[in-house]
Amino acid sequence: MPGIVVAVVAGGLFFLGYRYYSRYIAERVYALDPNFVTPSHEFEDGVDYVPTNKHVLFGHHFTSVAGAAPIVGPAIAVFWGWLPALLWVVLGTIFAAGVHDFGSIVVSVRNRAQNIGTLTSSVINARSRTLFLGIIFFLLTMVNAVFAVVIAILFEANPGAVIPIFGEIPIAIFIGQYVYRTRTSALGPSLLGVLALYLLILVGREFPIEITGLADTFGIGTRTAWVIIMFIYAAIASRLPVWLLLQPRDYINSHQLFIALGVIFLGLLIGMNEIVAPAVRSDIPEGSPNWFPFLFVTIACGAISGFHSLVSSGTTSKQLDKETDARYVGYMGSVGEGSLAVGSILAATAGVATLGAWQEGYVDFPTASAGGIGAFVAGVGEFVSNLGIPDSLGIIFASVVVISFAATTMDTGVRLQRYIIQEIGDVARIRGIARNLNVATGLAVGIPLVMAILPGGGEQGYTFGRLWTLFGTTNQLTAGLALSVIAVWVVGKGRNPTSVLVPLVFLLAMTSWALLENLRTFIDNGDWVLAPLDAVIFAFALWLIVEAIGAYRRATTGVAPPLEEAQRRP
């Protein structure tokens, strides 16, 4: 089948989902109120709470939630065939991710931009808050550690991407300063920023940056050196006002989304690339995980992801100008990520020359897992070559797209981790952590840094090769718990919660099933690091599910206390 057919069908379904279903959610389920005073106005401080144009905020939100995950997960999941992966991406985006991301923003905005973990205390109970904060901490640690490793791998393999990625930083800061001080539209300057970024790709190809010599000086590997550099950068970036670097760079990167999708789909159209992979794979190697339930935790970002609720309620809700902007920022952000996931599926299945070449890259599940990023980069390179652009530039372009999104997620992830660490310090009554930004930032950077450079786990490293096995289940568990909070809030408002309950029940069932399957595998393999961690996460899941059911029942009977909400505009 020509890949362009799949792209057109998926794009049409996404359009219908945003046009009709998101409107129903906005009007009948979340009941958006344009007269609500959002936290960005109520607590405006010029650092974290900043009223932001919805298009600029879309850029921040999308690039923060996207990262490398909607590229890597789908590129791995086509191991089971492209059709199951595509169906989960499209249907999961429309009926699960959009509801989840959109709802997380709204509930947080209605409650002074509290993060989803804090809201658990109000909606469910104080015990749940502590448990949820622990799960969020573990999830953010893995996200920050693994994305640093992903960036390091790409820098090591594609040194031509170094100059454009680091050159984007001063460009974004200049744009941020200009827009903030002149109060002009960010569209024109950001488009010029994209142009400058792509001109730097030409420079990067001619002057690739290798840091092997620097790494050898300190007696460390090149990949480790890049990981350390990225965490130093993230520590600095996470402390800067959002308008200075985060917003302008994310807005530039949001344009990259449309450019990347345009390149993929135009390349598909011109080249008429056929999907060489099977729609549903029948020759799955023995010992491989079953696609039911593991497809639904392998593809997290790109369908539905708990990490999105942390961004929605952690940074996005603090910048929302009007409550009605949440539909565009939250639901459309999910559609953007779903579109990127479709592009990843096509790159890994239609950007390959022959079925034999595809089978070589997907000979077994570990090989597919290790090669997900490479499959996307190579596939995009093939689509770019259909446009008459040299492969070398196409590969650097694809690497820049992945690294840009991953670096933005790291910035936001470290900022969110700092919030969570301060909140945990507050719960534990450790004032030195709760009130000291330097200490909180040091912990937010230091813990995932150590995890990222720990030895073991084969070529991929300890975190990527070992702990990352638990990322999918932990991430989807977080999404289920966020949906629980949203469902209880919706019921408390006397509205129909079906659109929230359906993805909630499905996701918790798949996650619990995957946790049990993983636990059995870890025990059989004698893995006494991952087995106890999996068991603890599963126990937390059961505990929180029970607590959420109790809170839901109280809400349906009108017993649950109302959540504190922001003020209305006069």
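**Pockets and their linings**

Reply: The helix α8 gives the most to the lining of the second largest pocket, with four residues. The model is predicted, so local features need pLDDT of at least 70 and side-chain atom pairs pLDDT 80 or more, whereas totals for chains, interfaces and linings use all residues. Residues are numbered from 1 along each chain as its sequence is written, and side-chain values use heavy atoms, without hydrogens and water.

Me: What counts as a pocket, and which helices each supply at least two residues of the lining of the second largest pocket?

Reply: A pocket is an open set of points on a 1 Å grid over the protein atoms alone where a 1.4 Å probe fits, with protein on both sides within 12 Å along at least five of seven lines; lining residues have an atom within 4 Å of a point. Helices are DSSP runs of H or I, at least four residues, numbered from the N terminus. In the second largest pocket, α3 (54-66), α8 (162-182), α9 (187-206) and α12 (246-271) each contribute two residues or more to the lining.

Me: How many residues line the largest pocket, and which lie nearest its centre?

Reply: The lining of the largest pocket consists of 42 residues, and Pro289, Phe365, Ser369, Thr469 and Asn518 are those nearest the centre. Several helices supply at least two lining residues each, among them α4 (69-77), α7, α13 (291-298) and α23 (471-492). The largest share, six residues, belongs to α24. For the second largest pocket, the lining has 22 residues, and Asn53, Val56, Val179, Thr184 and Gln247 are closest to its centre.

**Burial**

Me: How is burial judged, and how many residues of α4 are buried?

Reply: A residue is buried under 20% relative accessible area, exposed over 50% and partly exposed in between (1.4 Å probe, protein chains only). In α4, nine of the nine residues are buried, so this helix is largely enclosed by the rest of the structure. They are Ala69, Pro70, Ile71, Val72, Gly73, Pro74, Ala75, Ile76 and Ala77. Threonine 478 belongs to helix α23 and is likewise buried, at 0% relative accessible area.

**Salt bridges**

Me: What defines a salt bridge, and how many does a search of the whole structure find?

Reply: The criterion is a side-chain nitrogen of Lys or Arg within 4 Å of a carboxyl oxygen of Asp or Glu. Arginine 112 sits in the loop between α5 (82-109) and α6 (116-123) and glutamate 42 in helix α2 (residues 39-42), so the pair ties together parts 70 residues apart in sequence. Arginine 112 is partly exposed, at 23% relative accessibility, and glutamate 42 is also partly exposed, at 29%.

Me: Where do the partners glutamate 323 and arginine 110 lie, and are they buried or exposed?

Reply: The closest N and O atoms of glutamate 323 and arginine 110 are 2.5 Å apart in their salt bridge. Glutamate 323 occupies the loop between α14 (306-314) and α15 (325-349), and arginine 110 the loop between α5 and α6; the pair thus links distant parts of the chain, 213 residues apart. Both are buried: glutamate 323 has 0% relative accessibility and arginine 110 has 5%.

Me: Which elements does the bridge between glutamate 156 and arginine 223 tie together?

Reply: Here the closest N and O atoms of glutamate 156 and arginine 223 are 3.1 Å apart. Glutamate 156 lies in helix α7 (residues 126-157) and arginine 223 in helix α11 (residues 222-237), so parts 67 residues apart in sequence are tied together. Glutamate 156 is partly exposed at 34% relative accessibility, and arginine 223 is partly exposed at 23%.

**Aromatic pairs**

Me: How is a pair of aromatic rings described, and how many pairs does the structure hold?

Reply: Such a pair is described by the distance of the centres and the angle of the planes. Rings of Phe, Tyr and Trp (its six-membered ring) pair if their centres lie within 6.5 Å; planes under 30 degrees apart count as stacked, over 60 as edge-to-face and the rest as tilted. The structure holds 24 aromatic pairs. For tyrosine 21 and phenylalanine 95, the ring centres are 5.2 Å apart and the planes stand at 65°, so the pair is edge-to-face. Tyrosine 21 is in helix α1 (residues 3-29) and phenylalanine 95 in helix α5, 74 residues apart, so that distant parts of the chain are linked. Tryptophan 291 and phenylalanine 292 form an edge-to-face pair, with 5.3 Å between centres and 90° between planes.

Me: Which residues do ring pairs link into a cluster?

Reply: The cluster consists of Trp88, Trp291, Phe292, Phe296, Phe506 and Trp513. Of these, tryptophan 291 is partly exposed at 35% relative accessibility, and phenylalanine 292 is partly exposed at 35%.
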